[in-house]
Amino acid sequence: MQAIFRLSVLRRPEATSVLVSFSSVTQLLTRPASPRSAPIFRFFGAQPQSDDEDSSGGVSTGFDSAAFDISSTSANRTVIEPSWDQTYREKVDKALFGKEKKDVKGNRDGEHANRAKILAKALLQAALQRPDDVEEEEEAVRIDGMVVKEEDQMSLSVGIVGAPNAGKSALTNYMVGNKVSAVSRKTNTTTHEVLGVVTKGNTQICFFDTPGLMLKRGGCPYRTDVTVRVESAWSSIELYDLLIVLFDVHRHLTACDARVTRLIKHLGANVHPKQKRVLCMNKVDLVEVKKDLLKVAKEFGNLPGYERFFMISGLKGSGVEDLTQYLMERASISYILPLSRILDDKLRFLFSGACAVKRPWDEDPTSLNEEFLKSLSLEVVREKLLHHVHQEIPYALEHRLVDWKELRDGSLRIEQHFLARKQSHRKIVVGKSGSKIGKIGMEATEELRSMLKRHVHLILMVRMA
């Protein structure tokens, strides 16, 4: 690097300040001086020098920043693009050097994009990962202020069976605390198995409302019950942990039905090795003489298949609390079951009533899933249909859920269709100018809005199958 010096040469009385390089000065000084010539040199600077002396008598400088406009920065300068086409230059480079020019800018952009993708993926995985300190809390479920871990969860499945119109759906709704099954005065209201869930403490009880069962004189189930109304009710009896056999005690006292009696005796004839069974006398509120209930209890008291007898009213709730408490006790006894193996036979017999199973809960107790809500909407509409349409017409219709959609405003759009086999049935269900189907839709919409706590758009259509 060449050093820069300021050199003042006297040519006239005034001094001129210029910038010269160190090498130039060295060459001039080392050159032998001629006797005839005087060492007078003249240099020219980049800026014109003024020969006039300023008013103060000083010497003028060679650079003044005020003379330059520095408002424009390098970012605002216009870049001069080459006048030739870049593709021609690439062709020349390829012909001369035998290689193509790499797109450095494109490679850099691609590298930045890949890095951004890797970073985004790592952040997403870190966000989805559960923290180590709260991992155990997230596996547990909080019920009524109590945290229940998965290894402490108990489950109990209870099947409610009985003759048609015995009050099984009303009992299921009361024990669950909400409507899950349609209730009607007509027989065979329930055509399929309906699930209701109750969770208390670390125990979850699943109630299964089944269609009505009947037996022939020979002790065999009716073929129509198996194929149409009951479907697989008889085959699913063995799947429940506990079985509640329900019958209408008021009808039994006023007009005894031999088919119901045969059903009760058939289910309680023998002790089931893997299932506990309970006999419940329903609709006791309709019985005026309460002493008659003791006669019914003596009539079925000698059946060994039933562990307990309960007198309840599924509609008004009398006696239901005792039944619920019994179910919760059966679930809590299973904790002591392993201890009974080392005790004597008498205590082992006492602990044999345990029926709850230590397994994870089948349903989420804190939220309602979509399948349950769909089933609930079908049950509500069917209940209103049975209230307005009579005789064989409701049983001949096919009820389908066509559309279920949540809208942006938070409301719910539900579309259901009724398929009629006859044109006359279709006209009866629709009514004059759509009056009957309109009443069914308005009542069902009002009940669904109160149950779901949201706006519901219900669409009902009746068409030919």
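**Close-up views of a predicted model**

**View 1. Phe97 in helix α2.** Phe97 lies in helix α2 (residues 86-97). Helices (H or I, at least four residues) and strands (E, at least two) are DSSP runs, numbered from the N terminus. The model is predicted: local features need pLDDT of at least 70, side-chain atom pairs count only at pLDDT 80 or more, and totals for chains, interfaces and linings use all residues. Residues are numbered from 1 along each chain as its sequence is written, and side-chain values use heavy atoms, without hydrogens and water.

**View 2. A nonpolar surface patch.** Val92, Leu96 and Phe97 make a nonpolar surface patch of about 340 Å². Phe97 is exposed, at 58% relative accessible area. Exposed means over 50%, buried under 20%, partly exposed in between (1.4 Å probe, protein chains only). Nonpolar side chains (Val, Leu, Ile, Met, Phe, Trp, Tyr) are joined within 5 Å, like charges within 9 Å. Areas come from the Shrake-Rupley method with a 1.4 Å probe; for residues, only the protein chains shown count as cover.

**View 3. Strand β9 and its partners.** Six of the seven residues of β9 (residues 276-282) are buried. Strand β8 (residues 242-248) pairs with β9 in the parallel sense over seven bridges; pairing needs at least two DSSP bridges. Ile244 stands opposite Val278 in β9. β9 also pairs in the parallel sense with β10 (residues 306-311), over five bridges. Here Val278 stands opposite Arg308.

Methods:
Patches are made of residues with over 30% relative accessible area and no salt bridge: like charges are joined within 9 Å, nonpolar side chains (Val, Leu, Ile, Met, Phe, Trp, Tyr) within 5 Å. A salt bridge is a side-chain nitrogen of Lys or Arg within 4 Å of a carboxyl oxygen of Asp or Glu.
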